[in-house]
Amino acid sequence: MNWPSIIKSLIRLTLVATLVLILISCAGNPDPGNPLAPSVSAEIESVSSSNRMLWGYWTGYIPESHDALELIPVRGAQIHLNARKFVEVAPCTDCLKVMSVDVNLLDETLTAEIQIMHPYPGLAKYTGFDVRAIVISDGSRYFPGLDATVPDHQLGDFTLINGQGYTRFWNTVEFPEGSGPFAILEYSQGNFASPGDFTGTVNPFITYDQPPRDHFPAGVSMTREFVLKMPSGPLKFGYAIDASWEPPLYDPPMDIMNDFPMSANCLEAIVTSGNYWEVHTSPKDIPGSTGSATATLFDRQGWGTVSTAWLECPDLWTGLIEPDLIECTVTSNEGDYVEIGFTLTNETGADVGDYPALLRVDDVQHDFWLGDVHHAYQVVTITVEED
């Protein structure tokens with residue numbers, strides 16, 4: 001994987017998507033019934049060959065007392081048109097709210113309810129899909145084969161512990177500040193304010209969506225619960241909202257299932273809720289002992305778009321292993337359920353215990369702007385049993 005090239009493309013898309021959404025929010029549009037000037041609409045169409053949109057980026061603060069959580073919008077200092085990000089100002093001045101904070105000092109957790117409101121009621125064209133709120137922080141667990149650094153509360157990291165999955169998008173290592181590629185954006189180098197330098201490159205997220213097709217309707221608000229593991233002292237982290245989108249096939253769309261192309265959803269597979277990871281037989285605590293496990297995922301574009309999968313557990317073996325099996329188990333009107341099987345080998349002779357592994361599932365479709373980055377991540381556990 002050519003990461004330097006991909007990172008440059010990621011920078012371009014981050015700024016294009018972010019600034020397009022900034023411009024959507026501008027007041028003074030000549031058509032009060034449409035928040036988009038024709039030129040801005042054209043820019044949205046130009047990035048639609050990448051269906052990822054960064055709805056907003058915040059810096060999160062928790063004081064040393066651990067009794068509050070504040071999310072501060074991150075924005076450039078000299079953005080043209082005096083506009084801000086999509087969910088920061090008019091027409092929606094309070095699209096991100098911390099509704100409640102509850103601290104449990106015994107288990108060192110903070111539980112926060114965070115509400116997001118889609119800022120354009122009635123504009124169904126801008127329905128979001130697979131909207132994810134990502135908690136970005138420092139990471140202490142490194143997976144060298146996948147070149148991924150993951151926050152791990154067992155190693156003392158501040159992180160989200162009730163996440164539904166992990167993503168590489170919008171981490172601060174691979175999405176640094178840069179400049180946009182189009183003249184309409186007139187973006188000055190260095191004005192994209194960074195939320196900090198957090199070392200985690202694969203971070204956990206919570207989804208904001210509803211059936212069908214995991215969509216976020218225009219004008220609707222949703223609230224989700226975040227459980228955060230807290231080390232001592234004041235804490236700082238990044239908070240990004242990622243959405244997928246493509247222009248509808250029919251405008252205005254009336255039917256979520258059929259009026260948007262399937263590519264309006266994220267291209268990568270989705271880890272299903274519940275028992276998506278099952279170790280059928282555990283390896284024993286002797287060198288060379290083997291076991292087996294399966295992961296069950298959902299792919300909206302069909303199981304044939306799953307390229308391959310990788311599993312890494314440095315405590316048990318060196319490098320990456322590929323699956324023995326990738327097959328479709330159930331087909332629904334919204335996509336396919338896919339079973340992915342692995343042979344687990346205790347090459348190192350690790351002792352009895354639970355060991356974290358990183359699962360990555362690759363999609364065959366490369367993004368026009370981003371390259372080969374549509375990967376689903378999940379941290380799973382492999383148990384070694386006594387021989």
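Analyst: A contact means heavy atoms within 4.5 Å. The model is predicted, so local features need pLDDT of at least 70 and side-chain atom pairs count only at pLDDT 80 or more, whereas totals for chains, interfaces and linings use all residues. Residues are numbered from 1 along each chain as its sequence is written, and side-chain values use heavy atoms, with hydrogens and water left out. As a case, Thr149 touches Gly139, Ser140, Arg141, Tyr142, Thr199, Gly200, Thr201 and Val202, residues up to four places away in sequence not being counted.

User: Among contacts between residues at least 6 apart in sequence, what percentage join residues at least 24 apart?

Analyst: In the protein chain, 74% of those contacts do.

User: How many helices and strands does the protein chain have, and where is the place of Thr149?

Analyst: Helices (H or I, at least four residues) and strands (E, at least two) are DSSP runs, numbered from the N terminus. The protein chain has three helices and 21 strands. Thr149 has its place in strand 7.

User: Does Thr149 count as buried or exposed?

Analyst: Buried means under 20% relative accessible area, exposed over 50%, and partly exposed in between (1.4 Å probe, protein chains only). Thr149 counts as buried, because its relative accessibility is 15%. Over the protein chain, buried residues make up 55% of the 387 residues. Ser65 is found in the loop between strand 1 (52-62) and strand 2 (70-73).

User: How many salt bridges does a search of the whole structure find?

Analyst: A salt bridge is a side-chain nitrogen of Lys or Arg within 4 Å of a carboxyl oxygen of Asp or Glu. The search finds six salt bridges. One of them joins Glu268 to Arg132, whose closest N and O atoms are 3.2 Å apart. This pair links distant parts of the chain, with Glu268 in the loop between helix 3 (256-259) and strand 14 (270-271) and Arg132 in strand 5 (residues 128-136), 136 residues apart. Both Glu268 and Arg132 are buried.

User: Which residue meets Arg141 in a salt bridge?

Analyst: The partner is Asp152, at 2.6 Å from N to O. Arg141 lies in strand 6 (residues 141-143) and Asp152 in the loop between strand 7 (148-150) and strand 8 (159-160), 11 residues apart. Arg141 is buried, as is Asp152.

User: Which residues are linked in a network of salt bridges?

Analyst: The network links Asp214, Arg300 and Glu334. Within it, the side chains of Arg300 and Asp214 meet at 2.6 Å, N to O. Arg300 lies in the loop between strand 16 (289-299) and strand 17 (306-312) and Asp214 in the loop between strand 10 (203-208) and strand 11 (215-216), so the pair ties together parts 86 residues apart in sequence. Arg300 counts as buried at 6% relative accessibility, whereas Asp214 is partly exposed with a relative accessible area of 22%.

User: In what order do the four strands of the open sheet stand?

Analyst: Two strands pair if DSSP finds at least two bridges between them. The order is 3-4-12-8, with antiparallel pairing. Strand 3 (96-104) and strand 8 each have a single partner strand, so one side of each is left without a neighbour in the sheet. Strand 8 is joined to strand 12 (residues 221-229) by two bridges, and the bridge partner of Thr159 in strand 12 is Lys229.

User: How many residues lie between strand 18 and strand 19 in their hairpin?

Analyst: Two residues lie between them. Strand 18 (residues 325-332) and strand 19 (residues 335-346) pair in the antiparallel sense over seven bridges. The bridge partner of Ser332 in strand 19 is Gly335.

User: What volume does the second largest pocket have, and which residues lie nearest its centre?

Analyst: On a 1 Å grid over the protein atoms alone, a pocket is an open set of points where a 1.4 Å probe fits, with protein on both sides within 12 Å along at least five of seven lines; lining residues have an atom within 4 Å of a point. Grid points are joined across faces, edges and corners, and a volume is the space filled by probe spheres set on the points. The second largest pocket has a volume of about 400 Å³. Its lining holds 19 residues, of which Asp152, His153, Gln154, Tyr166 and Val379 lie nearest the centre. Strand 6, strand 8, strand 20 (353-363) and strand 21 (375-384) each give two or more residues to the lining, and strand 21 gives the most, with four.
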